[in-house]
Amino acid sequence: MTLDISFIGILIGSIMASSVPLILAASGELITERSGVLNLGVEGMMIIGAISGFALMVITDNLFIAIVGSMLSGVIISLIFGFLTQSLLTNHVATGLALTIFGIGLSAMLGKNFVGIPGKEFPILFSSLRESIPFFGPILFGHSIVLYFAFALPFLTNYFLKKTKLGLVVRAVGDSPVSASNQGINVIIVRYCCILYGGAMCGLAGAYLSLIYTPQWIENMTAGRGWIALALVVFATWSPIKVLIGALIFGGITILQLHMQAIGFRIPVQFLSALPYLMTIIVLVVISRDSRKIKLNTPTSLGRIFYKEK
Amino acid sequence: MIKIEKRNDVPMALYFFTPFIAIILTILGGGIIFYILGFNPIEALKFYFITPVSNLYGLSELLLKATPLCLIAIGLSFCFKSNNWNIGAEGQLTFGAIVGGGVALLFYNQEGFHILPLVILAGAIGGMIFALIPAILKTYFNTNEILVSLMLVYVSKLLLDYLVVGPWSNPEGFNFPETRQFSDSSRMPLLFEGLRIHAGIFLALGAVMLSWFILYKTYLGFQIKVSGLSLKTAKYAGFKGKTMILVVFMISGACAGLAGVGEITGPIGQLHRMISPDYGFTAIIVAFLGRLNPFGIIFASLVVALTYLGAETAQIFLQIPKYTGQVFQGMILFFLLASDYLLFFKVKNLNLKKNDLRH
């Protein structure tokens, strides 16, 4: 096989496409976790987004409604998590797991009549430029609007967290809910908003899969991407820009594995698939060893229940 | 006016009563979902919860599915009671099955009474070793055990996948992703002719008795409970926190490993990709629903096993995907967690009655 320059361009383009759901879901989860809430329901919210996006596309024949609807359905399903953890003060880990289990089941139930229906072609932007420029064409052009949004999102998230007042509020709530509350910030409302935002992004990530990446509905089609997104947030030590880099690495591993399978390479593909998880564990060990490092990187109140006596 | 107040003590009766509320709400919720999807809710629920257990074969299947759930949940109760969030039981189950299955494959063409005990022991040790990874990382590197144990689930599943398509695949198996069949000596003895229920159920019952003894009659059990209630008190009392974390993870992993080995030597009889329909995750629901109490867990494992079985029956009779079992499992946990609010808070009526003013 020849590795000419145009092939590498196409390869990079496909790595970018495969990393989009990871970027979207992880960026959403990052905001949620930065506010001190650990939502293990990413996989469940993504699969609900995937089926509602696809179902709305089939019913309304309108891709815009499908995309917006998938985000709304992510918001609705994450509202269950928000209500339980924030209003009824339930344990984050158990509630998130329940959300994933529930979401996978509900999506299969809702999607029963949508199995086997062919998807619709999603419009791509600048498709003429993609063909005319040799190397950069397939990298920069000919993608869906969701991909461009996904690649802008980490920078927007970074700006939001570091430069805006609201971002500071989110970080304060995550790092020290008690002092934030004493400053007059309504911790519960802030956390609700962050949870719902996370739900919207996970819904969009799911819709990207069922409408753009592999346009069809298959039961359990997120196939563990939600868990990888969750790992990615840790891998990126809760920093939005590193989420982008990590998503490209993890997405690259997926694509690499397909190509290696095709050319019959000797390294078992399962080892490559396991790499994101192993790398996340190593990163966790490295950042957790030093208590100062973990304080700098982790939202301090992550996963802890906040209760204020009224 | 009403006011919500934190309770100082949790009433025991309410503590064990709320799981029943959760189950009833789940059945109601399931009925509503069936109605929305256009089924007759009463009939659908009947297919789900009554038809599957209305004959002897169904009852045997119920116990067959409850066995691994009960075993894993018993192990998890040690971790959860001491505030260690091991959510990777699915991985420990898989790794236990890999190690136990490896031993069974060594003896694939031999018979003998020594084989099954060796296979079971290997499975328990496998699960134990795998659970030690998050435990050691937590104690010595201060990592978050939730994330590590979760990541390891996928690592172990991929390892199993590699083994059954690669080095361990059946040489006479036409490249199917599965190993050789185990010899009869590596299989759990069946309890009744024609039913799939096997001797693994005694492992689960043994674990229940043993865990009750450890938790309520030994010093270790006391330490576990105290650490769960207050880490500060545990430290003040001089309990060895690190050792205890390792011990609870080892118990939990061994139980999950036993569950894995029980599946492959029981109903399955070989290794392949799909050895567990996420028993390790569902067992978390079982542990909660059973209130981390050994006898509560027996009851909860039967309830949750019924959702698996009901989903299979509903798939046949109503043509709905078997993933619907997970809708019920998710709902049980949602409602259970929500009803816990009643345990820790009480609603107080602040409206003064006329008589109150006279006193």
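Modeller: A quick definition to start: helices here are DSSP runs of H or I with at least four residues, numbered from the N terminus. Keep in mind, too, that this is a predicted model. With that in hand, go to chain A and find the loop between α10 (187-213) and α11 (225-235), which is where A:A223 sits. What makes A:A223 worth a stop is its phi, near 50 degrees, a positive value in a residue other than glycine. Is A:A223 buried or exposed? A residue counts as exposed when 12 or fewer other C-beta atoms lie within 10 Å of its own, and A:A223 has 12, so it is exposed.

Altogether the contact takes 37 residues from chain A and 39 from chain B. Sort the chain A side by class and you get 24 nonpolar, 10 polar and 3 charged residues.

While you're looking at chain B, there's another positive phi to see: B:Q319 has one of about 55 degrees, although it is not a glycine. B:Q319 is in a loop as well, the one between α12 (294-318) and α13 (324-344) of chain B. It has 8 C-beta neighbours inside 10 Å, so B:Q319 counts as exposed.

Terms used:
Residues are numbered from 1 along each chain as its sequence is written. Chains are lettered from A and ligands numbered from 1 in the order in which they are written. This is a predicted model: local features need pLDDT of at least 70, side-chain atom pairs count only at pLDDT 80 or more; totals for chains, interfaces and linings use all residues. Helices (H or I, at least four residues) and strands (E, at least two) are DSSP runs, numbered from the N terminus. A residue is buried if 20 or more other C-beta atoms lie within 10 Å of its own, exposed if 12 or fewer, and partly exposed in between; C-beta atoms are placed from the backbone. Two residues are in contact if their C-beta atoms, placed from the backbone, lie within 7 Å. Ala, Val, Leu, Ile, Met, Phe, Trp, Tyr, Cys and Pro count as nonpolar, Asp, Glu, Lys and Arg as charged, and the others, Gly among them, as polar.
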